[in-house]
Amino acid sequence: MADHFSGPRAIADPASDICDVYAFPSPERPGNLVLVLNVLPASAPTALFSDAITHRFRVRPITSVSEGAAAAFNVEEDEYVFDFTFDAPQKVGGTDTLVQAGTCQAPGGRKVSFQVGNEVPTEAEGLKIFAGSRLDPFFIDFVGVIATEATGKLSFRSDASNVLEGLNALSIVLEIDAAVLGPAAGSLVAVVGETLTSGGGRPVRLERMGRPEIKNVIMSPKKFDTVNSDLEIRDLFNEEDAFSLRPDYASTYRARLNANLAFYDGLDGKTDWPLDEQGAHPLTELLLADFLVVDLSKPFSEDGCFEIETALLAGRPHTTCGGRSLNDDIVDTLYTLVVGGIDGERISDGVDEPTQLATDTFPYLNAPNTTPPDLGARLAAQMPPREEAA
């Protein structure tokens, strides 16, 4: 799953567990940037946000500095930070109904207050805000992903089902007027979503996410990594600043990605990504710089995820806004890239759309399912017996 349950700490503290981050130019207002952060996977439709967590978007201008096998971006120091915090829920007088107020702190320190679950978006000074329960827009053949890793063969089926069908998450949707971003609005930007501790003291990063499936698909498998085969690496990676990895564990991350990316490359029986003399995979450095890349000068595109990165690898101009839209089939795109190469034949996991397609009007995500299924029971029913998966 895109970033759902991405490590032991996220599983133990689902309120801080980032499911997904999306970033795309507004389909309604060209030039505006839309950011979406989903947390608390498989939540009830009445769920509310933790009052002990700061939910953060970070946006930085970037430039591409090299193409081909050494494709890379230069991240500038200027940063636009949007922090969302929430009050403790309050009972509406005399009833058990809970309401929750939230605050968005924008660059420069100005604050905008809003109410969770208000279907009328809050608008103030170039910002448009929604926060509340929504239908989880992600879709994936999770069983096929697990079986592929276990068998070493592409194991997706045309009749596969979406493991997240009908499930909910808590969503924060922020639309930013181009004027708020200033000069960055006409450039490439990098976007990261984070959850951090709040309530006093130095904030501690709990989770962060850039591109989808970096932790759960690319980084999670241990058995191909002969250097750190016993290490659950995702909690460490979640602590990292996406724009400045600590040197302490950089070689650990590289060893894991070099090994796992080589495994995926071999799934079609050929090598599209030859390792260099030191065993480094051509995608490792690009994916370690884990942020969404959006071109705000381009119009909204539904299938832009990884397109800017792929174009950079191919040494050609990108043609879309990149980023990640809500209906983007990123599982197909990711497997196509890592298995088949830059222009490889399209690989499908057999699940092509979410429970309901996202709309093209704010807040873009659909209302929550009032009777969501039990994810644990669904996984127990769908997962193959252990001997079959192996």
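**Overall fold**

Modeller: The protein chain has 11 helices and 15 strands. Helices (H or I, at least four residues) and strands (E, at least two) are DSSP runs, numbered from the N terminus. This is a predicted model: local features need pLDDT of at least 70, side-chain atom pairs count only at pLDDT 80 or more, and totals for chains, interfaces and linings use all residues. Residues are numbered from 1 along each chain as its sequence is written, and side-chain values use heavy atoms, with hydrogens and water left out.

Biologist: How many of the 390 residues are buried, in percent?

Modeller: 55%. Buried means under 20% relative accessible area, exposed over 50%, and partly exposed in between (1.4 Å probe, protein chains only).

Biologist: And what does the accessible surface come to?

Modeller: About 15600 Å², with 50% of that belonging to carbon and sulfur atoms. Areas come from the Shrake-Rupley method with a 1.4 Å probe; for residues, only the protein chains shown count as cover.

Biologist: What about contacts in the protein chain: what share joins residues at least 24 apart?

Modeller: 68%, among contacts between residues at least 6 apart in sequence. Contact means heavy atoms within 4.5 Å.

Biologist: On to the strands. Which ones does β13 pair with antiparallel?

Modeller: Strand β3 (residues 53-66) is one, over 9 bridges. Strand β15 (residues 292-295) is joined to β13 by 4 bridges. Strand β14 (residues 205-209) also has 4 bridges to β13. Two strands pair if DSSP finds at least two bridges between them.

Biologist: Which residues sit opposite each other?

Modeller: I53 stands opposite T197 in β13. L188 has D295 in β15 as its bridge partner. T195 has E207 in β14.

Biologist: Is β13 mostly covered or mostly open, and how many of its residues are buried?

Modeller: Mostly covered. In β13 (residues 188-197), 9 of 10 residues are buried.

Biologist: What does β3 do with β4?

Modeller: They pair in the antiparallel sense over 4 bridges. I62 has V75 in β4 as its bridge partner. The hairpin has 5 residues between the strands, and G68 takes a positive phi near 65° there.

Biologist: Which side chains of β4 are buried?

Modeller: F73 and V75, which point to one face of β4 (residues 72-75).

Biologist: New topic, rings. How many aromatic pairs are there?

Modeller: The structure holds 16. One of them joins F156 and Y335 edge-to-face, at 5.0 Å centre to centre and 90° between the planes. Rings of Phe, Tyr and Trp (its six-membered ring) pair if their centres lie within 6.5 Å; planes under 30 degrees apart count as stacked, over 60 as edge-to-face and the rest as tilted.

Biologist: Why does the pair of F156 and Y335 tie together parts apart in sequence?

Modeller: F156 lies in the loop between α2 (142-151) and β12 (168-176), and Y335 in helix α9 (residues 330-340), so the pair ties together parts that are 179 residues apart in sequence. F156 and Y335 are both buried.

Biologist: Which rings form a cluster?

Modeller: Ring pairs link F49, F57, F84, F86 and F114 into one.

Biologist: Now R234. Buried or exposed?

Modeller: Buried, with a relative accessible area of 11%. R234 is in helix α5 (residues 234-239).

Biologist: What does the R234 side chain make a polar contact with?

Modeller: The side chain of N216, at 2.8 Å. A polar contact is a pair of N or O atoms within 3.5 Å; within protein, one must be able to donate a hydrogen and the other to accept it, and residues adjacent in sequence count only if both atoms are side-chain atoms. Not counting residues up to four places away in sequence, R234 touches residues including F5, G7 and K215.

Biologist: Last one, P299. Buried or exposed?

Modeller: Exposed, with a relative accessible area of 60%. P299 is in the loop between β15 and α8 (307-314). Beyond four places in sequence, P299 touches P25 and C321.
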